[in-house]
Amino acid sequence: MIKPLADRVLIQPAPAETKTVGGIIIPDSAKEKPLRGTVVAVGTGTKDEEMVLKAGDQVLYGKYSGTELEYENEKYLIMRQSDVLAIL
C-alpha cells in the first residue's frame, strides 16, 4: 500500500457521475471531475502542521488539487492536507 509522507494524504476519488441528456451518454472524457473522495492513508504531519485527517474521512478538495496516480488498477490522488477544503 502507498504510505504518504509528512503532511500528504492519499485520497480515492468518488466515481464521476454519469449523466445522460436525452438518452445520450456522456463519455468519460467529458464527465465532471469529482470534488469529493475518501481518505485512504495519511502521513504523520510536520512539526508545523498536525495531521487532522484520518483514514476513512469523506472530504472535499479543490478541482485541480493533487497528483493523480494509479496503483493496482485503482485511481488515487495524493495531495497536501492543506489542499483539502472540508471534511463531510
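Helices (H or I, at least four residues) and strands (E, at least two) are DSSP runs, numbered from the N terminus. The model is a predicted one, in which local features need pLDDT of at least 70, side-chain atom pairs count only at pLDDT 80 or more, and totals for chains, interfaces and linings use all residues. Residues are numbered from 1 along each chain as its sequence is written, and side-chain values use heavy atoms, with hydrogens and water left out.

**Exercise 1.** State how many helices and strands the protein has, and give their pattern along the sequence.

Solution. The protein has 0 helices and 8 strands. Read along the sequence, the pattern is β-β-β-β-β-β-β-β.

**Exercise 2.** Determine the strand order of the open sheet and explain which strands stand at its edges.

Solution. Two strands are taken as paired if DSSP finds at least two bridges between them. The open sheet contains 6 strands in the order β6-β7-β1-β4-β5-β8, and the pairing is antiparallel. The edges are held by β6 (67-71) and β8; each has a single partner strand, so one side of each is left without a neighbour in the sheet. On average, neighbouring strands of this sheet are turned by 45 degrees against each other, direction ignored; the axes are lines fitted to C-alpha atoms, for helices over the stretch in contact, and angles run from 0 to 180 degrees between N-to-C directions.

**Exercise 3.** Describe how β5 is joined to β8.

Solution. Strand β5 (residues 58-61) and β8 run antiparallel and are joined by 3 bridges. Y61 stands opposite V84 in β8.

**Exercise 4.** Is L85 buried or exposed? Locate L85 and P15 in the secondary structure.

Solution. Buried means under 20% relative accessible area, exposed over 50%, and partly exposed in between (1.4 Å probe, protein chains only). L85 belongs to strand β8 (residues 84-87) and has a relative accessible area of 63%, which makes L85 exposed. P15 is found in the loop between β1 (8-13) and β2 (20-21), and its relative accessibility of 72% places P15 among exposed residues. The C-alpha atoms of P15 and L35 are separated by 9.9 Å, the two residues being 20 residues apart along the chain.

**Exercise 5.** What share of the residues counts as buried, and what share of the contacts joins residues 24 or more positions apart?

Solution. Of the 88 residues, 28% count as buried. With contact meaning heavy atoms within 4.5 Å, residues 24 or more positions apart account for 64% of the contacts with a separation of 6 or more.
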